[in-house]
Amino acid sequence: METFFLAGSADDPCYAQAELLGDLLLTRFPKVGLVKDMRHPCEWKEYRRLLTQKYGFNAPGSSVIIWRRDGRLVGSVGEFEKAVKAKYNLELKSDPSFVLKVMEENLALSEKATVEEKWTPYVGKYKKTWNDGIVFDGAWKSHQPHKGSVQFKPDLIYEGTLKNGLFDGQGVIRYPDGAKFAGIFREGKKEGLGKYADLAGNVFEGTY
């Protein structure tokens with residue numbers, strides 16, 4: 001028996017519809033495989049792009065993507081319905097309001113997960129606040145802050161790129177007293193050319 005893979009956004013009714021059809025398919029044909037990959041809305045646009053790039057899918061748009069274990073693209077929910085009907089003679093007969101209810105439940109589960117301390121988006125843009133008060137607002141990559149602003153405490157902010165949770169690349173540190181440092185960072189430390197300036201007009205520029 002074949003295995004279907006479903007990937008989509010929690011706020012997409014088409015994902016909810018495909019999920020319901022997949023569950024029905026499993027009920028009638030238990031040997032069929034079904035792998036669900038539901039993403040928080042903040043992740044989905046970039047995650048979908050990476051997915052189509054990885055598998056070489058020609059799947060324009062923003063809706064759910066469905067494919068087989070062997071890498072063959074099924075398409076979106078419409079194509080999934082046709083494939084299931086053709087091979088298994090099975091159709092989903094659900095009221096649209098029920099599909100929307102499932103979507104709302106999916107979204108609620110997705111949002112609930114974000115409040116957990118350990119949760120971070122795989123990719124996309126999101127503002128995350130940890131229990132220790134640190135806030136990151138920006139782009140994520142592989143569950144790590146990638147580019148944006150990190151606020152450690154009131155008025156102490158880093159803006160720039162990061163790698164493995166550390167300042168890495170071009171960035172700016174803004175200090176509580178109004179001073180700022182702009183320069184290059186490597187593994188959380190200043191490295192290379194940098195410029196420090198305070199509110200009194202003092203400027204220090206050099207290599208770190």
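Let's start with the second largest pocket, which holds about 170 Å³ of space. This is a predicted model, with residues numbered from 1 along each chain as its sequence is written. Local features need pLDDT of at least 70, side-chain atom pairs count only at pLDDT 80 or more, totals for chains, interfaces and linings use all residues, and side-chain values use heavy atoms, with hydrogens and water left out.

A word on terms. On a 1 Å grid over the protein atoms alone, a pocket is an open set of points where a 1.4 Å probe fits, with protein on both sides within 12 Å along at least five of seven lines. Lining residues have an atom within 4 Å of a point. The volume is the space filled by probe spheres set on the points, and points are joined across faces, edges and corners.

So who lines this second largest pocket? Trp130, Ile134, Phe136, Trp140, His143, Pro145, Val150, Phe152, Leu162, Gly165 and Phe167. Strand S6 (135–141) and strand S7 (144–153) each give two or more residues. S7 has the largest share, with three. Helices (H or I, at least four residues) and strands (E, at least two) are DSSP runs, numbered from the N terminus. By class, the lining has nine nonpolar, two polar and no charged residues. Here Ala, Val, Leu, Ile, Met, Phe, Trp, Tyr, Cys and Pro count as nonpolar, Asp, Glu, Lys and Arg as charged, and the others, Gly among them, as polar.

Look at His143 in that lining. Histidine 143 sits in the loop between S6 and S7. Its phi is positive, about 70 degrees, although it is not a glycine. Histidine 143 is partly exposed, because its relative accessibility is 37%. The cut-offs: buried is under 20% relative accessible area, exposed over 50%, partly exposed in between (1.4 Å probe, protein chains only).

Asparagine 89 also has a positive phi without being a glycine, about 50 degrees. Find asparagine 89 in the loop between helix H3 (77–88) and H4. At 59% relative accessibility, asparagine 89 counts as exposed.

Now the largest pocket, at about 220 Å³. Strand S1 (3–9), strand S2 (33–39) and helix H2 (41–55) each give two or more residues to the lining. H2 gives the most, five residues. The lining divides into nine nonpolar, no polar and three charged. Leu6 and Lys36 are among the lining residues.

Those two names come back with glutamate 19. Leaving aside neighbours within four places in sequence, glutamate 19 contacts Leu6, Lys36, Val102 and Asn106. Contact means heavy atoms within 4.5 Å. Glutamate 19 is in helix H1. Buried or exposed? Glutamate 19 is buried, with a relative accessible area of 13%.

Last stop, helix H4. Its buried residues are Val99, Val102, Met103, Asn106, Ser110 and Thr114. Down the axis of H4, these fall within an arc of 125 degrees, so they line one face of the helix. That arc is taken from the directions from the helix axis to the C-beta atoms. What do the buried residues pack against? Helix H1 (13–28), S2, H2 and strand S5 (123–129). The face turned away from the buried side carries exposed Glu104 and Lys112.
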